[in-house]
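Hi,

Here is the structure I said I would pass on. Have a look at it first, and then read my notes below.

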Amino acid sequence: MDPVAFAWLGAGLGVGVTVFGVGTGIGRLAAAALEASSRQPENAADIRTTMIIGAALIEGVALLAGVICILLAVKSAG
Amino acid sequence: MSTDTTHAQTPNAAHASDAHGAAAHGSPKGSAVFETLIESLGDHHELNIFFGHFDILPIILIDNGLHVYPNVHSMEAAGAYTLHKGHPVRKADPEGASQPFDMSITNLVAYQFIAIALVLILFGLIRKRYVKTPTAAPTGLQNMLESLVLYVRDQIVRPNVGTEKRTERVMPLLIAFFFFILTLNLIGLLPGAHAATGALGVTMALALVSFLTVNYIAIKDAGIGSWFHHLLGGAPLYIAPIMVPIEIVSLFTKPFALMIRLFANMTAGHIVLLSLVGLIFFFESWVVTPVSVGFSLFIYFLELLVAFLQAYIFTMLTAVFIGLALGEHAAQDSHKDGHHDGHADSHDAIQDSISISNAH
């Protein structure tokens, strides 16, 4: 197999693994936030804010990986 | 011997030509779509909006002096420079290593000017009413903007930065962040246009402003000693060799993450949209069209959500970082301030009731 094919394989697999990790992370975060806000509905607003910040931080890492995958795909195409 | 070598070489050669042929077969169609996609995500020297490409943006080059042309066409006509792969280069040697320094008003810069003008005009329009009748109930445009501004103040800034005084101080910047980013994101959703926040340079500048503000406020309000103390991360002094490098890295990771997050979110949405539309050209078939269009419509609405969400997140994280950089200072101050907050709320309530009775 030539190196370009490996680069594309890497980019594709990288996106898959990233999405898997982030999906798990944000899923757990949302589950915990839901549980917390159903136990204490009066704190729901605070919990939602904290959840969004957490989700944004997780997403930031994911996007970093995504950018690397895109670079890999673009570099190997050009 | 000679037959052996030919035998050994033939399969290799055949294989090589095969691979080449396959690449030549598969690649042009696919890579043409891909190249168009990547190219349309970049910056241009003409204003792209809706379905037109308008050659109205000035070209400014620094090359042993300042060279200014009103647009690309007049630059080409003047003869000294030409556009090569989207960049203005010397006509005499387009592939040369040293090229004129490009300071042009490009597409994305123009979007930013448009966004600044839009925000200024919108807020300028409602300003007069606040000056003339400050207690009257808001109407129309004022309603929309006031609710957004109040949301940013009460939900994003006030809970995170600590005191009321500091809220007042950072509000102008954070409001500007929110509306500037939101406007750029929404401009990016117009057909034919591209979000300026989907360019690393733009988000880098925004993140830099955020970084400088966070540290300026931390040093000014908590003192330089407290700022250095914060580098310890609240750990005892003997862990300093480990904590200080980590905290210094985290000092720079925060704005870096802000930069990447905004850039990648806006670019990712555009790439997904363009890839879905690109599928039609890739398969060259009518069958995929409804699927493509349906999915892109879905992603488009998702993008609309992301446009608001990213403006919110950027503002929110800047506010959170201000609170974090202040450390215990913010918490102490907010405790002291708790009483005052209640006061301010009741004052607001009175104001509200006054404005309601005025409206009636």
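I'll start with helix α6 of chain B. α6(B) is 23 residues long and reaches 32 Å from its first C-alpha to its last, close to the 33 Å expected at 1.5 Å a residue. Keep in mind throughout that this is a predicted model. The buried residues of α6(B) are Val202(B), Thr203(B), Leu206(B), Ala207(B), Ser210(B), Val214(B), Ile217(B), Ala218(B) and Asp221(B).

What does α6(B) meet in α9(B)? On the α6(B) side, the residues are Ser210(B), Val214(B), Asn215(B), Ile217(B), Ala218(B), Asp221(B) and Ala222(B). Their partners in α9(B) are Thr318(B), Phe321(B), Ile322(B), Ala325(B) and Leu326(B). Sorted by class, the residues of this contact are eight nonpolar, three polar and one charged. The axes of α6(B) and α9(B) come within 9 Å and cross at roughly 35 degrees, and the crossing is right-handed.

Next, α3(B), which runs over residues 107–132. Its 26 residues should span 38 Å at 1.5 Å a residue, and the end C-alpha atoms are 39 Å apart, which agrees. There is still a bend in α3(B), of about 25 degrees, at Ile126(B). Buried in α3(B) are Asn107(B), Leu108(B), Ala110(B), Tyr111(B), Gln112(B) and Ala115(B). These buried residues pack against β1 (47–49), α5 (164–188) and α6 (200–222) of chain B, and that brings us back to the helix I began with.

Phe54(B) sits in strand β2 (residues 52–54) of chain B. Is Phe54(B) buried, exposed or partly exposed? It has 13 other C-beta atoms within 10 Å, so Phe54(B) counts as partly exposed. Apart from neighbours within four places in sequence, Phe54(B) is in contact with Glu46(B) and Leu47(B).

α4(B) covers residues 140–161. With 22 residues, α4(B) reaches 31 Å between its first and last C-alpha, close to the 32 Å expected at 1.5 Å a residue. Look for the kink of about 30 degrees centred on Arg153(B). The buried residues in α4(B) are Val152(B), Ile156(B), Val157(B), Arg158(B), Asn160(B) and Val161(B). A glycine with positive phi follows α4(B) too: Gly162(B), near 100 degrees.

One loop residue is worth a click. Glu284(B) lies in the loop between α8 and α9 of chain B. Glu284(B) is not a glycine, yet its phi is positive, about 50 degrees. It has 8 C-beta neighbours inside 10 Å, so Glu284(B) counts as exposed.

Now for where the chains meet.

From chain A, take Ala56(A), which is found in helix α2 (residues 44–77). Leaving out residues up to four places away in sequence, Ala56(A) touches Arg261(B), Ile313(B) and Leu317(B). Ala56(A) is buried, because 21 other C-beta atoms lie within 10 Å of its own and 20 or more is the cut-off for buried. Within its own chain, Ala56(A) is 42 residues along from Gly14(A), and their C-alpha atoms are separated by 20 Å.

Finally, the overall picture of chain B. Its secondary structure comes to 10 helices and seven strands. Of the 360 residues in chain B, 26% are buried. Among contacts between residues at least 6 apart in sequence, 65% join residues at least 24 apart.

That's what I found. Over to you!

Technical notes
Residues numbered from 1 in each chain as written. Chains lettered and ligands numbered in written order. Predicted model: local features only at pLDDT ≥ 70, side-chain atom pairs only at ≥ 80, totals over all residues. Helix = DSSP H or I, 4+ residues; strand = E, 2+ residues; numbered from the N terminus. Expected span 1.5 Å × (residues − 1). Bend = angle between axes of the 7 residues up to and from the residue. Buried ≥ 20, exposed ≤ 12 C-beta atoms within 10 Å, placed from the backbone. Contact = placed C-beta atoms within 7 Å. Axes fitted to C-alpha atoms, helices over the stretch in contact; angles between N-to-C directions. Left-handed = near helix turned anticlockwise from the far one by under 90°. Nonpolar A, V, L, I, M, F, W, Y, C, P; charged D, E, K, R; others polar.
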